[in-house]
Amino acid sequence: EEAYQFSSGSNMKPTQIECAKGSLNQICPECTVSGDIRLSPFYEVEDVKKAIEQYVADLNSGDMQLLPTRGKWSKFVLGTEVMTQPGELRQGLVELKWQGDIETFRLYAGVAVTLDSEGHKALVQACRETYSVVKPFSVNGSLPLVKMMQKQGFDIQLCGFGLMSVYHGVNEYCTLTDMQKAYEVMLRVICLIESVTN
């Protein structure tokens with residue numbers, strides 16, 4: 001990951017939390033946490049899915065009491081000395097639901113460009129000529145089919161010419177000046193690739 005200058009590594013993050021409505025003095029009987037996983041390209045989707053499913057199984061089979069808590073009154077497992085209602089669980093339960101199947105997840109697999117390919121060299125050179133400096137970096141994201149194209153032999157190189165400060169923002173935009181520079185870069189990439197292949 002270091003060679004590709006990833007701004008962050010693989011991650012799993014909660015993005016939405018829902019709880020059953022009740023009284024302010026009641027602990028919710030259940031809570032749904034939704035989120036996503038962004039993998040850097042050095043991990044296989046199948047391996048990560050299997051590992052997460054195993055973590056959940058381990059928690060539910062007794063490892064729940066190994067989780068850190070906030071003091072002796074905070075716990076995920078209630079001892080026999082604690083009175084409960086009939087049929088009430090004494091241990092928290094984690095239920096995992098994937099939103100899709102493994103074939104769908106493979107479409108979003110991470111991709112690492114080939115740093116020594118003619119395409120990469122041309123893109124770096126074109127950016128250097130257009131902007132005077134070039135600082136390649138990598139981010140985790142979801143681009144369906146890109147990894148599959150790479151596996152089919154395409155020299156995949158990814159770049160953007162918009163503003164990172166508004167990337168994925170509600171009002172994401174780009175400037176005409178940036179698009180003019182993008183055109184110059186792409187034109188130069190084509191010229192450099194043609195000079196290598198001729």
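Residues are numbered from 1 along each chain as its sequence is written, and side-chain values use heavy atoms, with hydrogens and water left out. Because the model is predicted, local features need pLDDT of at least 70 and side-chain atom pairs count only at pLDDT 80 or more, while totals for chains, interfaces and linings use all residues.

The protein chain is divided into domain 1 (2-107) and domain 2 (112-197), with bounds from an automatic or database domain assignment. Their C-alpha centres lie 36 Å apart. The contact (heavy atoms within 4.5 Å) takes 15 residues from domain 1 and 15 residues from domain 2. Together the domains bury about 1,200 Å², 51% of it on carbon and sulfur atoms; buried area is the accessible area (1.4 Å probe) that two parts lose on being put together, summed over both. On the domain 1 side, Tyr4, Arg38 and Leu107 lose the most area to domain 2.

Turning to the rings, three aromatic pairs are counted, with Phe, Tyr and Trp (its six-membered ring) pairing if their centres lie within 6.5 Å; planes under 30 degrees apart count as stacked, over 60 as edge-to-face and the rest as tilted. Phe6 and Phe42 have centres 6.0 Å apart and planes at 80°, so this pair is edge-to-face. Phe6 is buried at 15% relative accessibility, whereas Phe42, at 39%, is partly exposed (buried is under 20% relative accessible area, exposed over 50%, partly exposed in between; 1.4 Å probe, protein chains only). Ring pairs link Tyr4, Phe6 and Phe42 into a cluster.
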